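Good morning, and thank you for making time for this item. Please look at the sequence and the structure together while I speak.

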Amino acid sequence: MIEESQIDDAALPVARLRDHLRLGSGFVEDGLQDGLLGGFLRAAMAAVEARTGKALLVRDFLCSLHRWRDVTGQGLPIAPVRAVTQVTLVDAFGAGAVVDAARYALVADGDAPKLVPMGACLPSIPEHGSVEVRFRAGMAEAFGDLPADLAQAVMLLAAHYYEYRDETALGQGCMPFGVTSLIARYRPVRLGFGT
């Protein structure tokens, strides 16, 4: 999966993180660390998205596959999907053919969105080719519109990254307990193998 559009710098809650960290204000150097804080916010949002399987802010994604996992419905790798914008079949030579939107539909499940056929099965992928599914996904248009617990988790994690920015002894995948407890209800439920 590739993120085709990124979150604008202006959409990042840098001032809110600055307040959360209780950094001084009213000085000439107020914005001196804004780039650093923005980087920590992006990293925190990416970590929360990876743990929950949910895109926090709305943006465009591309999922490229060499075969359908199930021709009666292909799960999409992140939720919630707002719209499938294009499906393209790409042959072995790289030539693409856009699939008519009437041949598929989106099942916009908040946890496990799917691309489903309008007929018996999804379009056949060319031999040695692939399919590109472009879609728009995200929970909110703006950071302030996120559920409060997810927004707080991002703030706590960004602050953690800021405070421990020089620490190299922390374990792999280290995430503070407060963050993991805030995102716990958004984590995908695994019922068995392959689901």
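This is a predicted model: local features need pLDDT of at least 70, side-chain atom pairs count only at pLDDT 80 or more; totals for chains, interfaces and linings use all residues.

Val-99 is a buried residue, with a relative accessible area of 6%. Buried here stands for under 20% relative accessible area, exposed for over 50%, and partly exposed for the range in between, with a 1.4 Å probe and protein chains only. Val-99 sits in the loop between β5 (96-98) and β6 (104-107). Helices and strands are DSSP runs numbered from the N terminus, helices being H or I with at least four residues and strands being E with at least two.

Residues are numbered from 1 along each chain as its sequence is written, and side-chain values use heavy atoms, with hydrogens and water left out.

Which residues does Val-99 touch, not counting those up to four places away in sequence? They are Val-87, Leu-89, Tyr-104 and Pro-123, where contact means heavy atoms within 4.5 Å. Leu-89 is 10 residues from Val-99 in sequence, and their C-alpha atoms lie 7.0 Å apart in space.

Leaving out residues up to four places away in sequence, Val-179 touches Ala-153, Leu-156 and Leu-157. Between Val-179 and Asp-149, 30 residues apart along the chain, the C-alpha separation is 9.0 Å.

Asp-149 brings us to helix α3. Its buried residues include Asp-149, Leu-150, Ala-153 and Leu-157. Among the elements that cover the buried residues of α3 are α1, α2 and α4. The expected span of a helix is 1.5 Å times one less than its number of residues. For the 16 residues of α3 (residues 148-163) that gives 22 Å, and the end C-alpha atoms are 22 Å apart, so the two agree.

Let me turn to the strands. In general, strands of a sheet pair through backbone hydrogen bonds, either parallel or antiparallel. In this model, an open sheet of 3 strands runs in the order β3-β7-β6, with antiparallel pairing. Because β3 (74-75) and β6 each have a single partner strand, they stand at the edges, and one side of each is left without a neighbour in the sheet. Two strands count as paired if DSSP finds at least two bridges between them. β3 and β7 (residues 114-117) run antiparallel and are joined by 2 bridges. Within that pair, Gly-75 stands opposite Lys-114 in β7.

Next come the charged side chains. As a general point, side chains of opposite charge can pair when their charged atoms come close. A salt bridge is a side-chain nitrogen of Lys or Arg within 4 Å of a carboxyl oxygen of Asp or Glu, and the count by this rule is 10.

One of them links Arg-42 with Asp-9, with the closest N and O atoms 2.6 Å apart. Arg-42 is in helix α2 (residues 34-52) and Asp-9 in the loop between β1 (2-3) and α1 (14-20), so the pair ties together parts that are 33 residues apart in sequence. Arg-42 is partly exposed at 28% relative accessibility, and Asp-9 is exposed at 58%.

Another joins Asp-111 and Lys-54, at 2.6 Å from N to O. Since Asp-111 lies in the loop between β6 and β7 and Lys-54 in the loop between α2 and β2 (59-65), this pair ties together parts that are 57 residues apart in sequence.

Arg-136 is in strand β8 (residues 130-137) and Asp-60 in strand β2, so parts that are 76 residues apart in sequence are tied together. Both count as partly exposed, Arg-136 at 29% and Asp-60 at 25%.

I close with the chain as a whole. The chain has 4 helices and 8 strands. Of its 195 residues, 37% count as buried. Among contacts with a separation of 6 or more, 75% come from residues 24 or more positions apart.
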